Amino acid sequence: MGASRSSGTTDALGPDEEPDEPDRADGQGGPGGPDGQGACSVPLDSGSGAGAGSGADSGAELLAALLDGMDAALCAFDAGGTVTHWNREAERILGWSAQEAVGRTGFAGWAVRRADAHEVQGRLMAAMDAPGRQVHEFALLRKDGSRVLVRTQSARVLGAGGKPAGVYCAFSEVHAQIDLERAIALSEALLEDVSWGVVLVDVDLRPTVVNAYAARALGGSRTGLLGRPLGELVVQGVEELEAALAHVLAEGAPGAPAEFWVTLRTAEGERRRCWRSGFLRLASPLTEEPVPLGVGWMFRDVTAKKLAQQEADRLRFRTGQLHRAARTVSECEDPMEAATSLLDFALAGFADHVLLDLMEGERLVRTAATPADAPGPCLLVAGGSIPVRYGPGHPALQAVERTGSVRTSAGAGAGAGGTEGAAAWAAERRWPRDAAHALSTVLRSRGRTLGVLTFLRAANRAAFERPDTAYAETVAARVAGAVDLARAVGSGAGE
């Protein structure tokens, strides 16, 4: 399609009409044209004469505006190879104005080196004989004489009779095209099965695009997660995550990744995960003012790494505590004081209470304990040892019977039901009322069972696990040595 500024008519160079022979708007054969800006074309005799009405004028203005508003450079040739259209983007890339370009035959000598002109023109005009689009790359000349590599898409234009009437050619600088293709390729690659999750969230903080990794992490399908509030997927930690997304929408992306611990609801039950997350604010490139489209959220599941790091920190701390305890115990003259001092070091960060019950005949006797109603040091029982009335199946008795360790929690008790149930569970076992998790381990020295050591945790702490059992058994072995020494010293004194 072409717009003539001299006649005010609009001529169609498209699949439904066939153009007539072009005439210069100024009656000359040179490349000059009428004054004005924007897209230009050689006026074609449409049979309507120079006195076309206002409808043709408005059509010409609309056509010029459409051509100039295109993001790609566009030029068109008639069947003889004469330039009939040239938009503003073509002028920006090559520097030749529409008035200088329209009316020229081919690119020879001005937009292409003469040595390359024949090949370039042949490749462009070859589109008249082939259906569909043809893509080429070649160097064009700017007005200042510099060269620019462009990628073109050319296609034929059919006339009313179905015969080729010309060619239109859209082109852009190769580096700009490559940048666009890279951006598209990157976005498609990110949304495939990569080794991190990618979620695009709209301004309402609902997922709009989810890649395969993120779908697996969130426990759903790529389509089933779309449009659902994050609170339906994340049981705990969703407030922190949504706050981070809202901050990115309002203020922009943070400077460093953030880690979020969340609890997910899955078919297998709830599971706790740690996600190292990065965020990007998405804005529309088509508006003058940046309009937020949402947030790009990228994350990796680092739960295994964080748990390993926590375990290493825990082990390092406990080893340090045992080392300090050994140095303190070595200065104690009384072996039982050494035993209670060792338990004070072991309690730090490990448990809330500790009970030391020693064997006297066939009974367990309470020998040392921490206060039942408040945190405090482990002290020997004042006023003599008190036998404990443990019922059958008590964890301390099981530890003695098995010559090992026993773990239990209030949730495992048949009568446990909330805070009151946990208190009743603890009272039934002769433990402090706030106890909810217990670990009993036997005291052994020189092949003999000397007693039981019981560590207790409150309900706000996690239950004891296997690594905790190993630590408790290490402490118990040292306490057993101190107790055995105390008895040996006491026996020697008695003799």
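This is a predicted model: local features need pLDDT of at least 70, side-chain atom pairs count only at pLDDT 80 or more; totals for chains, interfaces and linings use all residues.
Four elements, helix H2 (88–94), strand S6 (147–158), strand S7 (164–173) and helix H5 (174–190), each contribute at least two residues to the lining of the largest pocket. The space in the largest pocket comes to about 350 Å³. Its lining consists of 17 residues, and those that lie nearest the centre are Ala72, Phe171, Ser172, Gln177 and Leu180. Among the contributing elements, S7 gives the most to this lining, with four residues. Sorted by class, the lining of the largest pocket comprises eight nonpolar, five charged and four polar residues.

Two of the strands named above, S6 and S7, lead on to the sheet. Here five strands are arranged in the order S4-S3-S7-S6-S5, forming an open sheet with antiparallel pairing. The edges are taken by strand S4 (83–86) and strand S5 (134–141), each of which pairs on one side only. On average, and with direction ignored, neighbouring strands of this sheet are turned by 30 degrees against each other.

Strand S3 (residues 73–78) and S4 run antiparallel and are joined by three bridges. Phe77, for its part, has Val83 in S4 as its bridge partner. Helix H4 (residues 114–125) packs on the sheet, where H4 touches S3, S5, S6 and S7. The direction of H4 makes about 150 degrees with that of S5.

Attention now turns to the second largest pocket, which holds about 290 Å³ of space. Its lining has 14 residues, with Arg314, Arg318, Arg457, Ala462 and Asp468 the closest to the pocket centre. Two helices, H8 (303–329) and H12 (466–494), each provide at least two residues of this lining. Of the elements involved, H8 gives the most to the lining of the second largest pocket, with four residues. By class, the residues lining the second largest pocket divide into seven charged, six nonpolar and one polar.

Conventions
Residues are numbered from 1 along each chain as its sequence is written. Side-chain values use heavy atoms; hydrogens and water are left out. On a 1 Å grid over the protein atoms alone, a cavity is a set of points where a 1.4 Å probe fits but cannot get out, and a pocket is an open set with protein on both sides within 12 Å along at least five of seven lines; lining residues have an atom within 4 Å of a point. Grid points are joined across faces, edges and corners, and a volume is the space filled by probe spheres set on the points. Ala, Val, Leu, Ile, Met, Phe, Trp, Tyr, Cys and Pro count as nonpolar, Asp, Glu, Lys and Arg as charged, and the others, Gly among them, as polar. Two strands pair if DSSP finds at least two bridges between them. Axes are lines fitted to C-alpha atoms, for helices over the stretch in contact, and angles run from 0 to 180 degrees between N-to-C directions. Contact means heavy atoms within 4.5 Å.
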